[in-house]
Amino acid sequence: METLSYTCLRKRKAESDEPVQKRVRQLPVGNHLPLSRLLQYTNKQQVHDLLLQCVHKHPDLAKDIRNSLPPPSLEECIDTLQQLLKQLTDAFPYGGDARGDYAYHRVKHAYMAVFHALNDLVPCFLPPHSSCYKTNFAFLDAATNVIHKLPEFHNANYNVYKYQAYYELSGAWIVVLRQLEDKPVIPELPIRELQEHNKKSQNRLQEALDYVTSLQKDQSVFTYDTGFGAFDWNLHRA
């Protein structure tokens, strides 16, 4: 079989009558990274801020994004509150009066972050959005314990948010307990937990305790297991 060399091909090309056309080389052109690659180099906070900016400009995106994201678990929500509580504790200045004006203004941002988180998280554990009593009660129990650990200050105006949180949580307990009234079989009522919470809150959860006590008196069905519920949270943001 005859073998044609590259040199031979060039020679035949040159001897032909056709004009030689030199091929123009395509040089690369600068361009931005593809979006998928760019996101690899973007930290979580940047992506978070970018999504919020996009939703602000295009409100219709909010529903699609919300439906595409998995809801946080009970453990993740409780961990969020505990992390915020730790950040609040770490924000206090060394020495001095921890209940004074200076201390309050030093920790105010971290202090209010706890209430804002509760304002966002509590509705996730409310009926009809969440109908799992055990999960709802477990979150309320943890959230109430977080409020217990929040500091109080000499200036009564600074403590309004904490007392308001107790008021809202009391309503949360009531709403979930009320949902159990028509159940033929209901979980064991959290009377002991509410008694302890009411004591620590200086009777600011008395309304919830009274309700669960009355529910127990009216209860004529067999109870089982220990369940832990929630309410329409409406804290006033600072």
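**Close-up views of a predicted model**

Pro128 sits in the loop between α6 (101-121) and α7 (133-149). This is a predicted model, in which local features need pLDDT of at least 70, side-chain atom pairs count only at pLDDT 80 or more, and totals for chains, interfaces and linings use all residues. Residues are numbered from 1 along each chain as its sequence is written, and side-chain values use heavy atoms, with hydrogens and water left out.

**View 1. A cis peptide bond between two prolines, Pro127 and Pro128.** Here omega is about 5 degrees. Most peptide bonds are trans. Helices such as these are DSSP runs (H or I, at least four residues), numbered from the N terminus.

**View 2. Positive phi at Gln202 and at Asn203.** Phi is near 60 degrees for Gln202 and about 70 degrees for Asn203. Most residues other than glycine have a negative phi. Gln202 is exposed, at 57% relative accessible area, and Asn203 is exposed too, at 52%. Exposed means over 50% relative accessible area, buried under 20%, and partly exposed in between (1.4 Å probe, protein chains only).

**View 3. A nonpolar surface patch that includes Leu38.** Patch residues have over 30% relative accessible area and no salt bridge, and nonpolar side chains (Val, Leu, Ile, Met, Phe, Trp, Tyr) are joined within 5 Å, like charges within 9 Å. A salt bridge is a side-chain nitrogen of Lys or Arg within 4 Å of a carboxyl oxygen of Asp or Glu. Leu38 belongs to helix α2 (residues 35-40) and is partly exposed, at 41%.

Terms used:
Helices (H or I, at least four residues) and strands (E, at least two) are DSSP runs, numbered from the N terminus. Accessible areas come from the Shrake-Rupley method with a 1.4 Å probe; for residues, only the protein chains shown count as cover.
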